[in-house]
Amino acid sequence: MSAPLLTSARAWLEGDPDDVTRAELQGVIERAESGDEHALADLADRLDGTLEFGTAGLRGQIGAGSNRMNRAVVIRAAAGLTAYLAERQPQPTVVIGYDARHRSDDFARDTAAVVVAAGGRALLLPRALPTPVLAFAVRHLGADAGVMVTASHNPPQDNGYKVYLGDGSQIVPPADHDIAAQIDAVPPAAQVARADDGWQVLGDDVLDAYLDAAAAVVSPDAPRELSVVHTPLHGVGRDVLVEALRRSGFSAPYVVPSQAEPDPDFPTVAFPNPEEPGAMDAALDAARERGADVVLANDPDADRCAVAVPDPQADGGWRVLRGDEVGVLLGAHVVERGVGPHDVLACSIVSSRWLAAVAAAHGVRHVETLTGFKWIARVPGLRYGYEEALGYCVDPGRVRDKDGVSAALLVAELAATLKAQGRTLLDRLDELATAHGVHATDQYAVRVADLALIAGAMQRLRATPPSELGGSAVERTDDLTRGDGDLPPTDGLRYHLADGSRVIVRPSGTEPKLKCYLEVVEPVDDDLQHSRSVAAQRLQALKASVREAVGLE
């Protein structure tokens with residue numbers, strides 16, 4: 001038995017103000033003291049350092065201990081954030097939102113209580129609402145910062161703490177390091193002052209303003225005839241999306257009943273992420289039964305949007321579009337609607353180069369950023385930005401983050417416009433491929449239980465870089481930890497192949513995954529389907545080669 005570990009556990013217990021997690025940790029301690037090896041290992045994991053605050057804020061499993069998401073960790077994070085803000089703005093204003101995950105409302109109220117006790121002003125959104133509503137509220141209310149309690153599309157046992165600064169965008173270095181340093185200086189949570197009241201619970205004015213702004217992304221002259229099936233995947237997006245569609249003139253969507261209500265256990269899906277296999281099956285079934293034109297899905301906090309369309313060549317007659325396909329559809333649509341001479345299109349480095357090709361063809365500037373909307377939203381002159389992981393920023397003047405609601409409305413506008421012309425989203429993708437080449441993308445991801453495996457794989461790839469991938473020579477390898485052009489350093493490797501393909505390997509910033517992003521580009525002469533077939537074969541070979549090079553399976 002580890003005496004230092006038990007000492008640390010008891011010290012954490014004394015500093016935890018929450019009866020629920022105190023009882024939970026006390027039970028683990030007692031089992032460990034009795035010789036239960038599983039309890040001892042559990043205790044070691046719970047106290048293995050402190051949940052790290054970074055550019056993604058906090059995110060982790062809910063439970064007792066310094067390496068978990070709990071009230072004690074959140075209280076200290078709120079105290080550190082408030083101290084950071086107070087150095088720059090006395091009596092800072094913080095707007096706070098939360099989703100429907102386990103303990104989200106508790107963490108939001110604790111944040112408000114800490115801000116008020118420290119002399120700040122706390123504005124709490126009226127109920128569980130989508131993340132983009134909070135991102136909108138920061139700028140709309142002129143707040144100094146925003147906090148959104150959410151773990152987005154993570155598994156049900158997780159929660160998180162996302163921080164925005166006064167410009168409405170997520171934190172980036174050095175703000176994350178400065179806030180983390182302030183958190184480190186905070187005493188145990190039980191010693192942090194918390195007010196019993198004094199924060200303001202907002203009414204629906206902010207939500208109404210957000211809905212009006214979201215509805216305004218749809219052109220008043222665009223067609224509105226469209227049959228939509230929607231799933232919020234047990235999250236908080238349903239009511240907001242339904243109302244946004246209504247305000248913009250569309251008929252109400254059919255909402256998948258089994259996934260309509262917010263439920264933090266996400267009972268109908270293995271992972272509440274529309275990218276995961278099977279997550280959209282219920283929506284696709286409903287779309288087939290109803291003969292719908294399009295499926296629009298949100299993740300649980302509704303900052304992402306997935307799209308599915310009828311496809312006679314797909315199994316079941318429906319196909320879920322890849323994030324890069326939706327990204328280029330929306331980007332091209334934005335350009336066609338009209339952009340100014342200083343407007344910029346942007347996407348992350350792990351997204352397809354298809355949008356860059358569209359931008360070049362129209363004489364519009366395009367910028368690549370690091371992964372995450374904390375970088376995309378900061379691009380000067382941004383008119384539209386996207387990330388392949390189903391994130392789209394279609395109204396950066398109001399929401400400087402990915403927004404699954406306003407993106408869904410712009411998809412609806414495009415789909416309805418094409419329908420009125422006797423065309424579909426797939427027809428438009430065919431046109432874009434013919435004009436700019438087939439940009440075939442895929443992702444190879446490995447989920448691990450031990451993060452050391454990811455670090456080991458990255459180390460191996462750096463020590464022994466591959467000379468060829470997918471049968472094509474690696475012409476250049478970029479180690480992104482050294483920075484690249486205007487990009488800040490990040491943990492990642494980028495391979496440029498002789499045949500024009502590209503591979504990027506990076507650890508996920510929010511999940512225990514190593515992610516590999518693959519893209520091949522195949523020119524189109526006269527036969528688009530043949531070009532697609534060739535691209536698919538090249539992509540399959542590239543994926544097999546990358547899997548072997550990574551060596552985690």
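**View 1. Cysteines without disulfides.** The model holds zero disulfides, a disulfide being a pair of cysteine sulfur atoms within 2.5 Å. C393 is in no disulfide. The nearest cysteine sulfur to that of C393 belongs to C347 and is 13 Å away. C393 is buried, at a relative accessible area of 1%. Buried means under 20% relative accessible area, exposed over 50%, partly exposed in between (1.4 Å probe, protein chains only).

This is a predicted model, in which local features need pLDDT of at least 70, side-chain atom pairs count only at pLDDT 80 or more, and totals for chains, interfaces and linings use all residues. Residues are numbered from 1 along each chain as its sequence is written, and side-chain values use heavy atoms, with hydrogens and water left out.

**View 2. C516.** The closest cysteine sulfur to that of C516 is in C347, 19 Å away, too far for a bond. C516 is buried, with 0% relative accessibility.

**View 3. An open sheet of four strands.** The strand order is β13-β12-β14-β15, with mixed pairing. Strands (E, at least two residues) and helices (H or I, at least four) are DSSP runs, numbered from the N terminus. Two strands pair if DSSP finds at least two bridges between them. β13 (365–369) and β15 (391–393) stand at the edges; each has a single partner strand, so one side of each lacks a neighbour in the sheet.

**View 4. β12 beside β14.** Strands β12 (344–348) and β14 (382–387) run parallel, joined by four bridges. C347 stands opposite Y386 in β14.
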